[in-house]
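Me: I have a new structure to go through. Can you help me read it?

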Amino acid sequence: MSAAQKDSKLIFAPASSPSTQQADQYTKNSLSRTQLSPSPFTQFHTWFTHATASSVHQPETVCFSTCHLPSGSVSSRYVYLKELDARGFVIYSNWATSRKASDVKSNPRASLAFWWHEVERQVRVEGKVERLSEGESQAYFDLRARGSRIGAWASEQSCVLKEEDGGREVLERRVREVEERFEGKEEIPVPGFWGGLRVVPEMVEFWQGRESRLHDRFRYEWDEEKGEWRIERLSP
């Protein structure tokens, strides 16, 4: 590539070391079929526990992606995994005004992607989504800091805050109004538009970084006919 071509690019071949344009090599671990649990839920729990023990920063952080139909427009955002149960992976959010709310209303499917740099691992999840019950959502909502519970009521997530109307002051005014509404009350009900969403997996992939980009990849796919998970190694 010529110097002129390089100069035309805002970013080209970034690397963690200024002395090279080559990507980092992953050498910490390997993954074989014999190491895997028959269940992706158990396997995820094993990896999540290891990530926590290895001081991965906020291993519950996950990229949650949705797709709106019929446009096919895809959107992604980072959220926190808050639960893993026998059915799937649970996140919490606003399901009335947010972009993801609109997406899952038109297309009740989603994907999750975890990246744990410290252990050179990632996990991908794809599947259908389902809302949690009000009771289940309330159980988690009660654990949130009071300010976060107030904020859930006050924020019309993803709606425009027009600068000519006051911008952030509009949000802060709503917060004050909700604070007044629940003043002196420790128990705050979960908003009907807010709560848990479970991604019920049909596919889960476990990815272990390896040297020379020859990563170890294993995919779990649910076999409806056999009622069990099929596990296959994928080429990197």
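Me: Is tyrosine 140 buried or exposed?
Reply: Buried. Its relative accessibility is 15%, and the cut-off for buried is under 20%. Keep in mind that this is a predicted model.

Me: Which other residues of α4 are buried?
Reply: Helix α4 spans residues 134-141. Besides Tyr140, the buried ones are Ser137, Gln138 and Phe141. Seen down the axis, the buried residues fall within an arc of 165°, so they line one face of α4.

Me: What covers the buried residues of α4?
Reply: The cover includes β3 (83-84), β4 (89-94), α5 and β7 (194-208).

Me: Back to the rings. How many aromatic pairs are there?
Reply: The count comes to 21. One of them joins tyrosine 26 and tryptophan 207 edge-to-face. Their centres are 5.9 Å apart, with 80° between the planes.

Me: Where in the chain do those two sit?
Reply: In distant parts, 181 residues apart. Tyrosine 26 is in the loop between α1 and α2, and tryptophan 207 is in strand β7. Tyrosine 26 is buried, at 16% relative accessible area. Tryptophan 207 is buried too, at 10%.

Me: And what sort of pair do tyrosine 140 and tryptophan 194 form?
Reply: A stacked one. Tyrosine 140 is in α4 and tryptophan 194 in β7, so the pair ties together parts 54 residues apart in sequence. Tryptophan 194 is buried, with a relative accessible area of 7%.

Me: Which residues make up the ring cluster?
Reply: Ring pairs link Phe41, Phe44, Phe48, Phe89, Phe114, Trp116, Trp222 and Trp229.

Me: What lies over the face of tryptophan 47?
Reply: Arginine 121, at 4.1 Å from the ring centre. Likewise, arginine 181 lies over the face of tryptophan 153, at 4.5 Å from the ring centre.

Me: New topic: α6. Which residues are buried there?
Reply: Val170, Leu171 and Val178. They cover an arc of only 100° around the axis, which puts them on the same side of α6. These buried residues pack against α5 (146-154).

Me: What does the face turned away from that side carry?
Reply: Two exposed residues, Arg168 and Glu180.

Me: Last one. How do β8 and β9 pair?
Reply: In the antiparallel sense, over seven bridges. Arginine 217 has leucine 234 of β9 as its bridge partner. Four residues lie between the two strands of this hairpin, and glycine 227 takes a positive phi near 65°.

Methods:
Residues are numbered from 1 along each chain as its sequence is written. This is a predicted model: local features need pLDDT of at least 70, side-chain atom pairs count only at pLDDT 80 or more; totals for chains, interfaces and linings use all residues. Side-chain values use heavy atoms; hydrogens and water are left out. Two strands pair if DSSP finds at least two bridges between them. Buried means under 20% relative accessible area, exposed over 50%, partly exposed in between (1.4 Å probe, protein chains only). The arc is that of the directions from the helix axis to the C-beta atoms. Contact means heavy atoms within 4.5 Å. Rings of Phe, Tyr and Trp (its six-membered ring) pair if their centres lie within 6.5 Å; planes under 30 degrees apart count as stacked, over 60 as edge-to-face and the rest as tilted. A charge sits over a ring if NZ of Lys or CZ of Arg is within 6 Å of the ring centre and within 35 degrees of the ring normal.
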